[in-house]
Amino acid sequence: QVQLVESGGGSVQAGGSLRLSCTISGPLYSSHVINWFRQAPGKQREFVAAARWNDARVYYADAVKGRFTISKDKPEKTVRLQMNSLKVEDTAVYYCNRASGPGYESGSWGQGTQVTVSA
């Protein structure tokens with residue numbers, strides 16, 4: 001049984017930074033990808049970033065390229081999302097999941113962490 005726990009959310013002013021963490025307990029195989037998604041109030045969940053567990057490939061949504069960085073800490077089984085130059089439109093609940101591909105919404109999910117960016 002896999003569990004994912006997100007942490008690191010909070011409130012910040014526009015232009016600020018936050019670092020989210022997704023800590024995974026349970027099996028992680030070479031085929032797995034850890035995705036970050038977000039969902040703003042009244043909007044559909046959208047893909048943010050992904051990292052393949054067994055190699056260095058990472059993926060980003062256009063909206064966050066150049067501002068967000070995804071990284072892995074394999075011994076800690078943690079995937080982090082460094083978010084810089086935050087914008088008001090980045091406000092959302094951020095979720096991580098363990099899936100079989102980047103941007104895949106199937107698989108196991110965490111409970112989410114709230115990020116609020118104020119002007």
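Student: How many aromatic pairs does a search of the whole structure find?

Tutor: The search finds three aromatic pairs, a pair being two rings of Phe, Tyr or Trp (its six-membered ring) with centres within 6.5 Å; planes under 30 degrees apart count as stacked, over 60 as edge-to-face and the rest as tilted. This is a predicted model, in which local features need pLDDT of at least 70 and side-chain atom pairs count only at pLDDT 80 or more, while totals for chains, interfaces and linings use all residues. Residues are numbered from 1 along each chain as its sequence is written, and side-chain values use heavy atoms, with hydrogens and water left out.

Student: Why is the pair of F37 and F47 called edge-to-face?

Tutor: The ring centres of F37 and F47 are 5.8 Å apart and the planes stand at 75°, so the pair is edge-to-face. F37 belongs to strand β4 and F47 to strand β5, so the pair ties together parts ten residues apart in sequence. Strands here are DSSP runs (E, at least two residues), numbered from the N terminus.

Student: What makes the pair of F37 and W109 tilted?

Tutor: The planes of F37 and W109 are at 55° and the centres 5.1 Å apart, so this pair is tilted. F37, F47, Y95 and W109 form one aromatic cluster.

Student: Is F37 buried or exposed, and what of W109?

Tutor: F37 has a relative accessible area of 1% and is therefore buried, whereas W109, at 25%, counts as partly exposed. The cut-offs are under 20% for buried, over 50% for exposed and in between for partly exposed (1.4 Å probe, protein chains only).

Student: Which residue lies over the face of W109?

Tutor: R45 does, at 4.0 Å from the ring centre; the criterion is NZ of Lys or CZ of Arg within 6 Å of the ring centre and within 35 degrees of the ring normal.

Student: How do you know that C22 and C96 form a disulfide?

Tutor: The sulfur atoms of C22 and C96 are 2.1 Å apart, and the definition asks for a pair of cysteine sulfur atoms within 2.5 Å. C22 lies in strand β3 and C96 in strand β9, so the link joins parts 74 residues apart in sequence. At 0% relative accessibility, C22 counts as buried, and C96 is buried with a relative accessible area of 0%.

Key: Helix = DSSP H or I, 4+ residues; strand = E, 2+ residues; numbered from the N terminus.
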